[in-house]
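The stops below go from the whole chain to single contacts.

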Amino acid sequence: MPMDRVVGWGNKANTDKARRFAQKASLQYCRLEDGFVGYAGHPSHDKQRLSLIVDSVGIYYDATQPSGLEALCLNSDLLSDNDYQQRAQYLIQRITTMGISKYNHSRTAVPDWLLQASETCGVVLVVDQTFGDMSVSGGLADAQSFQHMLASALADYPNHRIVIKTHPDVLLGKKQGYFSTDALQNPRVVLLTDDCNIADLMTAVAAVYCVTSQLGFEALLYGKPVHCFGMPFYAGWGLTSDALRCPRRTTELHLTQLVTAALIVYPRYVHPENGRRCEIEEIVDWLQLQLEPMSGEPVDVCYAWGFSLWKRAFIPVFLGRMAVRVEFINNENVLRQKLKAAHSARSALLLWGAGHQDLLHRLSGLAHHQHTAVWRIEDGFVRSVGLGADLRRPSCLVVDKGGLYYQPDEKSDLIGLLNHSQLSAAQLSRGLELQRMLQALAVTKYNVGDRAPGHQAAILAAYRHQAQERPLLLVPGQYEQDLSIACSRGSIKTNDGLLEQVRRDFPEAFIIYKEHPDLYSGVRPGALGETRALAVADAYVTDLDMHHLLEECDRVCTMTSLSGFEALVRGKPVTVYGSPFYAGWGLTDDRLDFPQRNARLSSAGLMYVCLVQYCRYVNWDTRMLTSAERVIQQLATERAELSGRDRQLKSSWLARQLRKAKYLFDALLG
């Protein structure tokens, strides 16, 4: 039978009545607290808690009595488990590489003066805390402990710069700290008011002094000497230099044992995307998506040029922490003024697609002088259920700091990643699983078409019967004004020309021409049409599902269509007459040479680089960045739930406007 319990938040005074009630009723009392990896942002504006501590013994920050964490630290059999030790080592590496902390809001770079002091005289970090923090009194300390700590740091490191780090809540103006301006009377003492990146800060300091701050625990993960002037949960185990002692803490721990107790076993984790219990490794994986600015340092401001209102509703979410601020601009004079004013800031100019060459030419001198980066953003490879031209919000985009994946003569990030990929066994395994997942769930870029299995099967069986022993070749039509065709090195630039060349190269094949969904739906002009297609092809199809066509065909022939990539997902031979990103790696039958693409890839390697390293995904339920796997599953689920009317490729004008309004409303609320 489940046992009734009484719960309260930590040791706050407002829980006294609850504790007395539990004692009187002979019920177990549990204290709740945030875990040590708590939020993707700061709880002042991020209410999504990632972990929670439920302690029926005491609470970790109260050293006046035992706690559940303390009991775990004394359990040598549990902490010596080999699996736990390996997990702890892995977590230390991941956390310190990514700079994960309790709060994971955007932080600033370490100031130059601190870096210079680190190189010249060395830096010791003294950690302030919020005044009245219960962990201070619970940690057997008081206001005098902070003064003692500062005096000890000055004495222990007579030649170092002593830097006092204020608490993030003090920086936000919410609370006060323990140190006043009197502490700055000593010329060696400096106040650090910047909320700096934890990993970079730890690299710059020689030692950390704290009373009970969690930053002391994090400093241990970075291998820093830690001096404690209170009794926090991580003190008293032989890992820190302690001014106090706790007689209950009778054993010495290895760091991996402390990490096992404090990060793996003690807290409970809930995945923010599904609300289910999970392990800390899943939280770390999810945080990595939120925290990484893709490559390089985030810019201070990203100027997004020429974006429509409906795109403005989703662009900032995809950029994540690549930019501290995103500013949309549609006026070129305003853009010029902004670029001139941004001379002291790191900035980027964001453009949709590979166009805007005239704009870049006009701005070239200005942008170059101000060192403004140019970023390109474009639809990704598993985009949505429905067409972007029909205002279907994307779940997958790419942001490229070099060119774009369909620009073979530009130094796109994707081509660089593919050329220099050195993937681990785990990464290749994930690429293979993604390939299997796409095939099993029948997910493509747009996920449109007639999905009635019987209807699909009957048409494809008829084509196979007509073909008899001839191979089935699929030729996917493209929008001829598409930039991937304009940028292609191939001489074939039209659907007519592609069909004719395929017929010459494969005279005995049964050729199926599939019109592009943007064209047969009428969203864009330029459909080849049945009459013209059947002058060369054996069959003409429109709304047949691409997945089923790819499964049934024996080969795909294309200029630059993403259908070639989707055919590789399904293990089909692909003949390429243009220069798409997936050609030139030894996986396709290429009719052009690609001397710059010198790597030879497996399909699993191609999938991993393209789908994991290059694309960016958003879960619109949370409006947060997410994984390729989750978006693939979401698209499959969304497609299965749509009614026949909702699966139409081209919505009514009213439906599109309502959808646009909904996205804008979501953006305002988000």
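Helices (H or I, at least four residues) and strands (E, at least two) are DSSP runs, numbered from the N terminus. By that count the chain has 28 helices and 24 strands. This is a predicted model, in which local features need pLDDT of at least 70, side-chain atom pairs count only at pLDDT 80 or more, and totals for chains, interfaces and linings use all residues. Residues are numbered from 1 along each chain as its sequence is written, and side-chain values use heavy atoms, with hydrogens and water left out.

**Whole chain.** Display the C-alpha atoms: along the principal axes they fill a box of roughly 90 × 70 × 50 Å. Then colour by burial, where buried means under 20% relative accessible area, exposed over 50%, and partly exposed in between (1.4 Å probe, protein chains only). Of the 670 residues in the chain, 54% are buried. Contact means heavy atoms within 4.5 Å. Among contacts in the chain with a separation of 6 or more, 67% join residues 24 or more positions apart.

**Cores.** A nonpolar core is a set of buried Ala, Val, Leu, Ile, Met, Phe, Trp, Tyr and Cys residues joined through side-chain atoms within 4.5 Å. Select Phe36, Tyr60, Leu69, Phe217, Tyr234, Leu263 and Leu287, the residues with the most contacts inside the largest core, which has 66 residues. Apart from it lies another core of 59 residues, including Leu474, Phe565, Leu611 and Ala628. Go back to Tyr234: beyond its neighbours within four places in sequence, its contacts include Cys210, Phe217, Leu220, Val226 and Leu258.

**H10 and H11.** Two packed helices are described by the angle between their axes and the distance between the axes. Axes are lines fitted to C-alpha atoms, for helices over the stretch in contact, and angles run from 0 to 180 degrees between N-to-C directions. Select H10 (residues 214-221) and H11 (residues 255-265), whose axes come within 11 Å and cross at roughly 135°. Angles under 35 degrees count as roughly parallel, over 145 as roughly antiparallel, 65 to 115 as roughly perpendicular and the rest as oblique. H10 and H11 are therefore oblique to each other. Phe217, Leu220 and Leu221 of H10 make the contact with Leu255, Leu258, Val259, Ala262 and Leu263 of H11.

**H4 and H12.** Next, select H4 (residues 82-98) and H12 (residues 280-291), which pack at about 15° with axes 11 Å apart. This makes H4 roughly parallel to H12. Arg87, Tyr90, Leu91, Arg94 and Met98 in H4 meet residues of H12, among them Glu281, Asp285 and Leu287.

**H18 and H26.** What angle do H18 and H26 make? H18 (residues 425-440) and H26 (residues 603-614) pack at about 85°, their axes 7 Å apart. The two helices, H18 and H26, are therefore roughly perpendicular. On the H18 side the contact includes Gln427, Arg430 and Leu438, and on the H26 side Ser603, Tyr608 and Leu611.

**H21.** Select H21 (residues 495-505); its buried residues are Asn495, Gly497, Leu498, Leu499, Val502 and Arg503. Their cover includes strands S17 (472-476), S18 (510-514) and S20 (555-558), and helix H23 (530-534).

**Lys340.** Is Lys340 buried or exposed? Lys340, found in H15 (residues 332-341), is exposed, with a relative accessible area of 52%. Its C-alpha atom is separated by 23 Å from that of Arg312, 28 residues apart along the chain.
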